[in-house]
Amino acid sequence: MLIHPQFDPVAIHLGPLAIRWYGLMYLVGFILFLLIGRLRVRQPFIAKQGWKVQDLDDMLFYGVLGVILGGRLGYVIFYKLSFYLANPLDIFKVWEGGMSFHGGFLGVLVAMWLFTRRRGHPLLEGTDLIAPMIPLGLAAGRLGNFINGELWGRVTSPDSRFAMLFPQAGAEDAQWVMTHPQAMADQAMAAVFAQFHGLPRYPSQLFEVALEGVALFLLLWFFARRARPVGAVSGMFLVGYGAFRFLAEFTREPDAFLGLLSFGLSMGQWLSLPMVVAGVIMLVWSYRCGPVASSHV
């Protein structure tokens, strides 16, 4: 069983200025977006659509706004709507945390609609372009979560090869012990808690790095290397992310204020299912009706 390394959340100290790892991970994600984007616009069928390297900076600006605004509003609506209706000013307290990927995804869609409309491109042409540029940025964000020791996974057996102690989860571990007396009857589990005052959990952040980050990037990169019908790459992103997120959620601790919902699924899983369905529909539509990516008119 492993113990979380307890990294210093501050990566670099510059006098009174503290640069945190999580902020650096955002920067890494933005840089990877631009680097992969440069490779994308060099692909002949992408270049024929009229995309240029200069478009990437503006696209990133729109995307960042979409992530921040959509991510925050998504968290408010999907996760704690009743609280924020009673405390509307708390919506602006972003420093207290609270972002939703699914909200950020919708925000990016709106931002891309605005961007592609200004540039005279179809929306799906733009989303097809950026789909392979997103996953490694997601991986960087999840790695930041792991460095911070947050968004840990569900309790697992001490004998699991993936078991890890997260000291930051101490309060939740103590509550879990009180509500799961049968599980605590296991001698190995009781011995771990007695020694470390914590419980073994899945490092679900790393699972998400591997699935939503690396695996999804490889899937999309190789799928998008050939000219596909317009909308196909976007559909594959929806299917891939939705499926990988759905699987990873089985190891991720659900939000304490929500717990598990219908059929024992988390909110993240319920929000991912429509992505998979929409992605399958987009793939079927694109191959039946969508034009193959070609020169932009």
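**Exercise 1. Which residue just after α5 takes a positive phi, and what is its value?**

The model is predicted, so local features need pLDDT of at least 70 and side-chain atom pairs count only at pLDDT 80 or more, while totals for chains, interfaces and linings use all residues. Residues are numbered from 1 along each chain as its sequence is written, and side-chain values use heavy atoms, with hydrogens and water left out.

Step 1. Find helix α5, which covers residues 101–119. Helices (H or I, at least four residues) and strands (E, at least two) are DSSP runs, numbered from the N terminus.

Step 2. Go just past the helix: Gly120 has a positive phi of about 80°.

Step 3. Now look at the other end. At the start of α5, a side-chain oxygen of Ser100 comes to within 3.3 Å of the backbone nitrogen of His102.

**Exercise 2. Compare the length of α5 with its expected span, then list what its buried residues pack against.**

Step 1. Helix α5 has 19 residues and spans 26 Å from its first C-alpha to its last, close to the 27 Å expected at 1.5 Å a residue. The expected span is 1.5 Å times one less than the number of residues.

Step 2. Pick out the buried residues (buried is under 20% relative accessible area, exposed over 50%, partly exposed in between, with a 1.4 Å probe and protein chains only). Among them are Phe101, Phe105, Val108, Met112 and Phe115.

Step 3. An α-helix has 3.6 residues a turn, so residues three or four places apart point the same way.

Step 4. The buried residues of α5 pack against α3 (53–78), α6 (123–130), α7, α12 (232–248) and α13 (267–289).

**Exercise 3. Describe the surroundings of Arg142.**

Step 1. Start with the record: the unreviewed UniProt entry has a "binding site" annotation that covers Arg142. UniProt positions are given in the numbering used here, feature names are shortened, and annotations may be inferred rather than shown by experiment.

Step 2. Arg142 lies in helix α7 (residues 135–148) and is buried, with a relative accessible area of 14%.

Step 3. Collect its contacts (heavy atoms within 4.5 Å). Leaving aside neighbours within four places in sequence, the partners of Arg142 include Gln205, Glu208, Glu212, Tyr241, Arg245 and Arg252.

**Exercise 4. Which residues are joined with Arg142 into one salt-bridge network?**

Step 1. The cut-off for a salt bridge is a side-chain nitrogen of Lys or Arg within 4 Å of a carboxyl oxygen of Asp or Glu. The structure holds eleven salt bridges.

Step 2. Take the pair of Glu212 and Arg142, whose side chains meet in a salt bridge (3.8 Å, N to O). This pair links distant parts of the chain, with Glu212 in helix α11 (residues 204–223) and Arg142 in helix α7, 70 residues apart. Both Glu212 and Arg142 are buried.

Step 3. Move to Arg245, which forms a salt bridge with Glu208, the closest N and O atoms being 3.9 Å apart. Arg245 is in helix α12 and Glu208 in helix α11, 37 residues apart. Arg245 has a relative accessible area of 3%, and Glu208 has 2%.

Step 4. Arg252 lies in the loop between α12 and α13 and Glu208 in helix α11, so the pair ties together parts that are 44 residues apart in sequence. Arg252 counts as buried at 11% relative accessibility.

Step 5. Join the pairs: salt bridges that share partners link Arg142, Glu208, Glu212, Arg245, Glu249 and Arg252 into one network.

**Exercise 5. Where is Glu249, and which side chain does it meet in a polar contact?**

Step 1. Glu249 sits in the loop between α12 and α13 and counts as buried at 3% relative accessibility.

Step 2. The side chain of Glu249 makes a polar contact with the side chain of Arg245 (2.7 Å). A polar contact is a pair of N or O atoms within 3.5 Å; within protein, one must be able to donate a hydrogen and the other to accept it, and residues adjacent in sequence count only if both atoms are side-chain atoms.

Step 3. Not counting residues up to four places away in sequence, Glu249 also touches Arg154, Ser266, Gly268 and Gln269.
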